[in-house]
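Please keep the sequence and the structure in view while reading.

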Amino acid sequence: MRLKAKARQFLNEYKLGHAIRAIRRLPAGEVPDRQTLIELVAGWSNDGFVARVDYLHEVARRAATTEGPILECGSGITTVLMGLVTKERHVKVYSLEHHPEWHQKVESVLKRNQLTNVHACLSPLRNYGEFDWYEPPLESLPNNFTLVVCDGPPGSTKGGRYGLLPVMGSRLPINSVILLDDTDRPEEQAIMKRWKTESGLQDEIVNGQSAAFGVLSRRGS
Ligand SMILES: C[S@@+](CC[C@H](N)C(=O)[O-])C[C@H]1O[C@@H](n2cnc3c(N)ncnc32)[C@H](O)[C@@H]1O
């Protein structure tokens, strides 16, 4: 590796470690400030594939207060962030990831930081007829996720993120919430509309400075 690239890698690792330590020091239930999240993203250095700060802030805020287990679709820095803000409250995070090398990378960061409350589940994509989606380890997943953080599978997948509700909808109880990233894209807007029509979810699009995302919730009748 060239010297410049090595120096950049060293700096990113320093930033990531610094941000992780700052988040770890927060009292249970407290959410990292934007500056810490900016440092976390810079240290993760996965341009183009990482959630933007407004979405990360909402993910941290919801994860820090949700009561039940969390389901994540598409692993990354969001997985590490949720592991940090939920650890003291013993809330479990189950993160589905189809890409073996990416899964390994995320798992190694979780391990290095003793985030044992996070289960990184290697879940290949499979065909469900009309759409492709993860094949989750259903027998080892809870039945009552109170929060879903939906940032995968990648947009090139047949049906995109649509498969979440057909495959996992029965495990999302009343008052559970789905955070859907990237609702500035027509594909995610169409998925939101379809979920709303087919599953009667309440929905709202939040237009932050850096990100647009959907908040969908299952209400009682
Ligand atoms: C938008 S990313 C999810 C990122 C995660 N929620 C975060 O904020 O870090 C969705 C999927 O893209 C894939 N991915 C992540 N980084 C990638 C990269 N650098 N190149 C190609 N695919 C990537 C992974 O399979 C991941 O599950």
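## Terms and basis

A residue is called buried when its relative accessible area is under 20%, exposed when that area is over 50%, and partly exposed in between, using a 1.4 Å probe and protein chains only. Helices (H or I, at least four residues) and strands (E, at least two) are DSSP runs, numbered from the N terminus.

The model is predicted: local features need pLDDT of at least 70, side-chain atom pairs count only at pLDDT 80 or more, and totals for chains, interfaces and linings use all residues. Residues are numbered from 1 along each chain as its sequence is written, and side-chain values use heavy atoms, with hydrogens and water left out.

## Helix 5

The buried residues of helix 5 are His103, Val106, Val109 and Leu110. Viewed down the helix axis, the buried residues of helix 5 fall within an arc of 130°, so they line one face of the helix; the arc is that of the directions from the helix axis to the C-beta atoms. On the face turned away from this buried side, helix 5 carries the exposed residues Glu101, Gln104, Lys111 and Arg112. The cover over the buried residues includes helix 2 (34-44), helix 4 (77-86), strand 2 (93-97) and strand 3 (118-122).

The expected span of a helix is 1.5 Å times one less than its number of residues. Helix 5 has 13 residues (residues 100-112) and should therefore span 18 Å, which agrees with the 18 Å between its end C-alpha atoms. Just after helix 5, glutamine 114 takes a positive phi of about 50°.

## Helix 4

How many residues of helix 4 are buried? The count is 10 of the 10, so helix 4 is largely enclosed by the rest of the structure. Among them are Ile77, Val80, Leu81, Met82 and Val85.

## Surroundings of the ligand

A residue is near a molecule or strand if one of its heavy atoms lies within 4 Å of it. Of the 14 residues around the ligand, Asn46, Ile77, Thr78, Glu97 and Asp151 come nearest.

A polar contact is a pair of N or O atoms within 3.5 Å; within protein, one must be able to donate a hydrogen and the other to accept it, and residues adjacent in sequence count only if both atoms are side-chain atoms. An oxygen atom of the ligand lies 2.4 Å from a polar side-chain atom of glutamate 97. An oxygen atom of the ligand is also 2.8 Å from a backbone N or O atom of isoleucine 77. For glycine 74, a polar backbone atom is 3.4 Å from a nitrogen atom of the ligand.

## Cysteines

A disulfide is a pair of cysteine sulfur atoms within 2.5 Å, and a search of the whole structure finds 0 of them. Cysteine 150 is in no disulfide, and the nearest cysteine sulfur, that of cysteine 73, is 4.5 Å away. Cysteine 150 counts as buried because its relative accessibility is 0%.

Cysteine 121 has 10% relative accessibility and so counts as buried.

Asparagine 12 is found in helix 1 (residues 3-24) and is buried, with a relative accessible area of 15%. Contact means heavy atoms within 4.5 Å. Leaving aside neighbours within four places in sequence, asparagine 12 is in contact with Ala42, Gly43 and Ser45.

Asparagine 144 is in the loop between strand 5 (132-134) and strand 6 (147-150) and is partly exposed, at 39%. Not counting residues up to four places away in sequence, asparagine 144 touches Pro69, Arg171 and Pro173.
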